[in-house]
Amino acid sequence: MKMTFRWFGEKSDQVTLKQIKQIPGMSGLMGLLDYKAAGEVWEREEIAAYINQVHAAKLECEVIESVNIHEDIKMGFGLRDEYIENYKTTIANLASFGVRVIVYNFMPVLDWLRTDLSRLIEEDGSKSMFYDEAELEGLTPLELVRRTSEGSKGFSMPGWEPKRLRELELTLKQYEDMTPDILRENYRYFLNAIIPTCEEHGVTMACHPDDPAWPIFGLPRIAHSHSDLEKIIALHDSPHHALCVCSGSLGSEPSNDIPAIVRHFGTAGRIACMHIRNVKYMGYRRFRESSHLTSDGDLDMYGIVKAMYDTCPDVYVRPDHGRMIWGEVGRPGYGLYDRALGAMYLQGLWDAIDNCTKNK
Ligand SMILES: [Mn+2]
């Protein structure tokens with residue numbers, strides 16, 4: 001397990017690299033350039049500016065997230081080949097700075113979704129991200145986007161890039177006739193085009209699951225169950241086509257058995273990295289993000305780490321979202337303190353498992 005942390009860059013993140021470096025066991029980052037629009041080439045100078053800073057802080061940057069895929073690729077429109085060429089250039093550019101894994105998703109239009117970015121947890125006064133399907137009723141996607149950007153306290157939110165969402169209404173209309181099967185075929189086309197480039201440059205693509213783990217606003221979503229992930233992996237037969245297993249995204253749906261998913265795809269060698277966090281169920285399609293501690297939520301955190309230890313021990317991991325605690329003000333989900341606690345909890349589980357295994 002290589003423990004990492006998400007960092008949005010000097011201008012965009014309230015957390016500093018120095019603080020991240022001081023979290024015990026932190027090997028590096030899962031980085032991103034949060035100002036890039038889907039479809040654009042990530043230029044070498046831009047990548048260098050980010051990664052050189054990370055290296056100067058004595059942290060690695062072998063994983064990059066949120067290299068977003070242009071909607072034309074997902075919809076199979078005429079310009080997709082041009083955007084795919086851009087994507088291939090980005091892969092090569094990132095690889096030349098030592099990037100080994102790229103995390104992305106193939107979700108139509110809307111990335112992850114919450115109905116409240118800072119819901120008060122009465123028991124202890126902390127705040128966390130919250131989702132209630134009932135609150136979406138009567139809400140148009142546009143109203144939801146407005147609410148999300150208002151709730152983000154001025155911080156950019158990954159997946160909610162203003163440029164991408166400006167044409168939301170039009171894009172939603174274009175998706176009206178899209179079925180999961182057509183979306184998967186467009187996905188296969190994309191993979192067939194880019195995976196040879198990944199193989200050439202030693203980069204592995206890691207698909208992030210849908211969050212929450214069900215369709216929203218009638219859009220087809222194809223990455224929220226064990227069988228969905230099986231179909232995705234079957235689209236292209238290469239170890240460079242892999243998954244980013246996100247426990248909190250898949251775990252929003254109680255029927256998803258996360259340890260079993262990790263065990264299955266870990267054994268197959270198709271997990272490149274993991275996002276690990278816990279979720280507290282509060283009713284049908286109603287949940288909030290909890291601390292990483294198993295007893296604070298409903299996921300089996302030990303089972304998840306044990307499955308990883310047994311089947312894919314070398315993957316990159318990061319604590320995923322955290323709550324806002326100790327009066328911290330920052331990007332919802334991405335405060336320093338609770339994520340640092342999460343990193344320590346995961347490493348504690350790992351150490352215990354490692355000790356029991358070796359001293360058996
Ligand atoms: Mn995630």
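Which residue in E8 stands opposite Ala-206? I opened my notebook with that one, and found Ala-242 there.

**Ground rules**

I am working with a predicted model, where local features need pLDDT of at least 70 and side-chain atom pairs count only at pLDDT 80 or more, while totals for chains, interfaces and linings use all residues. Residues are numbered from 1 along each chain as its sequence is written.

Helices (H or I, at least four residues) and strands (E, at least two) are DSSP runs, numbered from the N terminus. Strands pair if DSSP finds at least two bridges between them. E7 (residues 204-207) and E8 run parallel, joined by 3 bridges. To get from E7 to E8 the chain goes through helix H10 (residues 226-233), and this β-α-β crossover is right-handed. Right-handed here means that, with the strands pointing away from the viewer, the path from the first strand over the helix to the second runs clockwise.

I then looked at E9 (residues 271-276), which is parallel to E8 and joined to it by 4 bridges. Cys-246 has His-275 in E9 as its bridge partner. Is E8 mostly covered or mostly open? I noted that 6 of the 6 residues of E8 (residues 241-246) are buried. For burial I count other C-beta atoms, placed from the backbone, within 10 Å of a residue's own: 20 or more is buried, 12 or fewer is exposed, and in between is partly exposed.

**Entry: the whole chain**

I zoomed out and counted 14 helices and 12 strands. The radius of gyration is 19 Å, close to the 21 Å that the globule rule gives for 360 residues, so the chain is as compact as a globular protein of that length. That radius is taken over C-alpha atoms, and the rule is 2.2 Å times the number of residues to the power 0.38. Along its principal axes the C-alpha trace spans about 55 × 50 × 40 Å. I found 47% of the 360 residues buried. Contacts are pairs whose C-beta atoms, placed from the backbone, lie within 7 Å. Of those with a separation of 6 or more, 75% are between residues 24 or more positions apart.

**Entry: helix H9**

I checked the length of H9 (residues 180-201) next. Its 22 residues should span 32 Å at 1.5 Å a residue, and the end C-alpha atoms are 30 Å apart, which agrees. The expected span is 1.5 Å times one less than the number of residues. Where does H9 bend? I found a bend of about 35° at Ile-194, with a proline, Pro-196, following within four residues. The bend is the angle between axes fitted to the seven residues ending there and the seven starting there.

Among the buried residues of H9 are Leu-183, Tyr-187, Phe-190, Leu-191 and Ile-194. An α-helix has 3.6 residues a turn, so residues three or four places apart point the same way. The buried residues of H9 pack against helix H3 (71-75), helix H4 (80-95), E7 and E8. After H9 comes Gly-202, with a positive phi near 70°.

Most residues other than glycine have a negative phi, and most peptide bonds are trans. I listed what departs from that.

- Asp-211 and Pro-212 are joined by a cis peptide bond, with omega about 0°; Pro-212 sits in the loop between E7 and H10.
- Ser-66 is not a glycine but has a positive phi of about 55°; it lies in the loop between strand E3 (60-65) and H3. Ser-66 counts as buried, with 22 C-beta neighbours inside 10 Å.
- Trp-326 has a positive phi near 55°, in the loop between strand E12 (316-319) and H14. Trp-326 counts as exposed, with 10 C-beta neighbours inside 10 Å.
- Arg-285 has a positive phi near 50°, in the hairpin of E10 and E11, which has 2 residues between the strands. E10 (residues 278-283) and E11 (residues 286-290) run antiparallel, joined by 5 bridges.

**Entry: Arg-339**

Why does Arg-339 count as buried? Because 24 other C-beta atoms lie within 10 Å. I placed Arg-339 in helix H14 (residues 337-358). Leaving aside neighbours within four places in sequence, Arg-339 is in contact with Phe-5, Pro-319 and Gly-322. I also logged 8.4 Å between the C-alpha atoms of Arg-339 and His-292, which are 47 residues apart along the chain.

Terms used: Two residues are in contact if their C-beta atoms, placed from the backbone, lie within 7 Å.
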